[in-house]
Amino acid sequence: MNLVIDCFKLVKGAGKSIGIYNLAKSIVVHLGERALQEQAADSIIVLGNTYNREEFEAPGVTFVEVDGDPLNKAFCILWELVLVAGYAKRYGADRILFPRGYRPLGIFLRGRRGRVRDTILIHDLIPFYYHVHYPGVFNPLENAYIMARLKASIKGADRIITISEYSRRDILHQVPGCGERIRVISNGVNDVAFEKDQSRAGTGGRADTGEGQKPEVQDYIIAMTSGLPHKNAKGVLRAYEAYYRQAAAPLELVVIGIADTSSYQEMDREAAAHVACHKYIGQFTEMCRIAAGARAYLFLSYMEGFGFPPLEAMQLGVPVVCSHRSSLPEVVGEAGLLVDPDDPEAVAEALVRATEDQALRQGLIQKGYENIRRFSWESRTDLYWKELFR
């Protein structure tokens with residue numbers, strides 16, 4: 001059996017989500033490893049581009065560099081509507097996986113041995129969320145096209161994989177009656193690490209599931225957000241203001257994802273003086289080093305199809321205070337303090353507990369290590385293999 005995986009449009013740093021890129025890469029790498037381990041007769045063909053060849057040309061897969069520009073919108077529309085089906089036929093596809101969730105027009109999806117069975121991977125339905133809650137933030141015409149394409153792909157696909165129960169319910173809300181074709185396979189969590197640098201505070205060795213070294217904890221809280229409305233930067237800053245009033249000896253706040261506080265919230269001057277913002281951290285290992293040294297990790301997003309950041313914090317041994325919205329409760333479970341992101345006083349109270357109650361801190365850290373074991377890539381690979389090659 002030949003499985004084709006369409007990764008042509010995936011370019012790191014392009015588009016709105018690095019999560020789709022990273023998940024597709026992990027699927028390719030782990031399925032390739034499984035094919036080598038089992039000496040499987042099944043073939044895996046990855047349709048990629050010059051930008052992602054280095055990361056997607058993995059052992060156990062055949063990488064095909066498509067002759068086209070993945071950054072050209074017009075070509076990409078033509079690709080996902082028609083051209084990808086031609087490549088699938090050329091390489092004898094029996095099955096095809098679309099990690100971005102868009103399938104071609106059904107009339108073209110035929111291979112050498114008849115109709116190709118297709119699977120789409122839906123991460124979330126954020127375009128629909130923005131259409132309702134934040135109209136105008138995205139280009140209206142582009143967002144309308146994306147919503148129409150997602151609905152058509154969900155209706156026409158043989159199988160649908162999504163990454164959380166929340167996303168499954170969201171899909172059923174938009175396209176009733178497709179439940180029998182949906183399979184939930186939650187994301188796998190890759191190891192996170194930080195650079196060992198004894199000349200800097202908050203250093204240590206490699207992070208793992210609790211048995212490795214832990215850097216020295218310092219006197220700050222870290223928050224992950226962005227300028228996109230659903231990431232709720234304003235809520236983070238409002239919560240810190242409340243925390244600054246509540247705590248007897250408030251810690252500083254390090255915010256990753258925004259360049260300043262004034263663009264999102266007019267803060268009390270004294271509290272604002274204790275907030276350090278970083279629009280972007282270039283090296284993931286450096287971001288992990290900063291997170292690993294924090295006393296608590298704050299994540300107040302309104303909408304996540306899955307939500308990696310809290311799990312990454314748990315891997316680093318940092319207590320998590322997290323929004324109780326969308327998929328986050330099922331991902332975090334009892335391993336973090338779940339809060340209403342629109343209730344700054346409640347968030348502040350949770351931050352005080354997470355930073356000052358030592359018994360609670362140690363319990364959350366241990367529960368975090370246990371929680372991330374639910375998302376091992378070994379178990380995820382088993383599920384993907386059975387789903388795609390059954």
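Start by selecting Ser167, which sits in helix α6 (residues 165–174); helices are DSSP runs of H or I, at least four residues, and strands are E runs of at least two, numbered from the N terminus. This is a predicted model, where local features need pLDDT of at least 70, side-chain atom pairs count only at pLDDT 80 or more, and totals for chains, interfaces and linings use all residues. Residues are numbered from 1 along each chain as its sequence is written, and side-chain values use heavy atoms, without hydrogens or water.

Ser167 is buried, at 3% relative accessible area (buried is under 20%, exposed over 50%, partly exposed in between; 1.4 Å probe, protein chains only). Leaving aside neighbours within four places in sequence, Ser167 contacts His123, Asp124, Thr162 and Gly305 (heavy atoms within 4.5 Å).

Next, the salt bridges. The whole structure has 20 (a Lys or Arg side-chain nitrogen within 4 Å of an Asp or Glu carboxyl oxygen).

- Select Glu55 and Lys25: their closest N and O atoms are 3.2 Å apart. Glu55 is in α2 (residues 53–56) and Lys25 in α1 (residues 18–38), 30 residues apart. Glu55 is partly exposed, at 27%.
- Move to Arg295 and Asp219, bridged at 2.9 Å, N to O. Arg295 lies in the loop between α9 (284–292) and β13 (296–299), and Asp219 in the loop between β9 (182–184) and β10 (220–224), so the pair ties together parts 76 residues apart in sequence. Arg295 is buried at 16%; Asp219 is exposed at 52%.
- Finish with Lys9, Glu80, Arg100 and Arg149, linked in a network of salt bridges.
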